[in-house]
Amino acid sequence: MLAKFLISGNPPKISSNLQKGSCFSGIEESRMVIRRYNPIAMLSSSVFTPFPRQQFYRCPFPIFTQSLQPFPSLLSSTLPRHFTLSFYSNTAQTSTADTPDELHHQPSNSKQSPLKPGLYLVGTPIGNLEDITLRALRVLKSADVILSEDTRHSGKLLHYYNIKTPLLSYHKFNESQRAQVVLRKLQDGEIVALISDAGTPCISDPGMELAKLCADKNIPVVPIPGPSAVVTALSASGLPTNEFSFVGFLPKHNSSRKERLILSANESATQIFFIPPHKLSQFLEEAAAIFGESRQCVMAREMTKVHEEFWRGTIDKAKEAFLAHQPKGEITFLIEGKTTSTDEGPSESQLENELRELIAEGHSLSMAVKLVASGKLMKRKAIYSLALRKFGGQLESEDD
């Protein structure tokens, strides 16, 4: 606050309800008259309540703690006939030349410091638009450009929060050609924010290669934490959370997809998959054959949205529930890890059947052995010996 006296016209009117017996002597009265030309001196007078600088800076008007007493000498004919005390607001834009240092100073706030040039990976809501951090909003507003997987989709989020930063499409079909354009922007000192359609970028979304490229070029890569479908689903699943494997989207090729499922089925950690709705039936059929129908699973759908659903049960029950009708929305599917068994290892005939099936699907002998040995108590060398004995005449031997 900056206080000023405006001197003009008529003598001051002394309120009739002021108590008699001023605390100011004649000398003090003279000093008060002088202080009308010095706002800072007036502000340091005993009629004002002292308080911390930053509080005073935010206070709209100074606070009087005691009434001004009558000043007889102020009625002297030598003084101006009228004076008015006027207060003017001192905003954050006022220069230090107009405002004393002690009033202009504010404590530094690292959270509001200007952003440094670099690539900012900004987490955005997976459904509910309110699931975004204050830091994420500040970065999106301060960036020179926002890389977006789908500009139309992201435009709704930016419009909701009145963010005017330009959008530039960045998806798997133009990622390679856009990378060099973005790299030049970053090398020129620009602030680039990267967002995906939902959740944290670079997790089963475009951006991984760009982040790696920036790291190789010593360009800062700054994560702005936010929502993630993986952690959101896991936290509410009811399955063990102390250890988990995020598989994401499965391969499209049948043999590659089966290899991945076999490896997951033999892990003790909770397995997490991203399943498109139209692929759920196929996934459940394959999972039942590889994981076993009694394995516990959770289907998380439309998380944080109006129709959020968590379905829990065995893979067998999931087949009954979802093969008849196809659920809508993005699906995160979790399957419990393999429990430790004290049973004896599989019989030789069981191993032979598994190997024969994998080889018939086109897997090499070594890959078939690897997949069969995964998660089993038997050593791979023993299974490999069995494979050579049973199938060595059909296939060319391969070194382990």
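In which helix does Lys390 lie? Lys390 belongs to helix H15, residues 380-391, where helices (H or I, at least four residues) and strands (E, at least two) are DSSP runs numbered from the N terminus. The model is predicted, so local features need pLDDT of at least 70 and side-chain atom pairs count only at pLDDT 80 or more, while totals for chains, interfaces and linings use all residues. Residues are numbered from 1 along each chain as its sequence is written, and side-chain values use heavy atoms, with hydrogens and water left out.

Lys390 has a relative accessible area of 34%, which makes this residue partly exposed; buried means under 20% relative accessible area, exposed over 50%, and partly exposed in between (1.4 Å probe, protein chains only). Neighbours within four places in sequence aside, Lys390 is in contact with Glu348 and Glu352, contact meaning heavy atoms within 4.5 Å. Lys390 and Glu352 are 38 residues apart in sequence, and their C-alpha atoms are 7.6 Å apart in space.

The protein chain as a whole contains 15 helices and 12 strands. Of its 400 residues, 38% count as buried. Among contacts in the protein chain with a separation of 6 or more, 70% are between residues 24 or more positions apart.

Strand E4 (residues 145-148) runs parallel to E5 and is joined to E5 by three bridges. Leu147 has Leu168 in E5 as its bridge partner.

Tyr120 has Val222 in E7 as its bridge partner. Strand E7 (residues 221-224) has Val222 and Ile224 on a covered face, and Val221 and Pro223 on an uncovered one.

Another open sheet has five strands in the order E8-E9-E12-E10-E11, and here the pairing is mixed. Strands E8 (244-248) and E11 (309-314) are the edges, each pairing on one side only. Direction ignored, neighbouring strands of this sheet are turned by 20° against each other on average. E8 pairs with strand E9 (residues 270-275) in the parallel sense over four bridges. Gly248 has Phe273 in E9 as its bridge partner. Helix H12 (residues 315-322) packs on the sheet, touching E10 (296-301), E11 and E12 (331-335), and its direction makes about 130° with that of E11.

The largest pocket has a volume of about 950 Å³. On a 1 Å grid over the protein atoms alone, a pocket is an open set of points where a 1.4 Å probe fits, with protein on both sides within 12 Å along at least five of seven lines; lining residues have an atom within 4 Å of a point. Grid points are joined across faces, edges and corners, and a volume is the space filled by probe spheres set on the points. Of the 36 residues that line the largest pocket, Asp197, Ala198, Gly199, Asp205 and Glu330 are the closest to its centre. Helix H6 (151-160), helix H9 (229-237) and E12 each give two or more residues to the lining, and H6 gives the most, with four residues.

Key:
Pairing = 2+ DSSP bridges. Axes fitted to C-alpha atoms, helices over the stretch in contact; angles between N-to-C directions.
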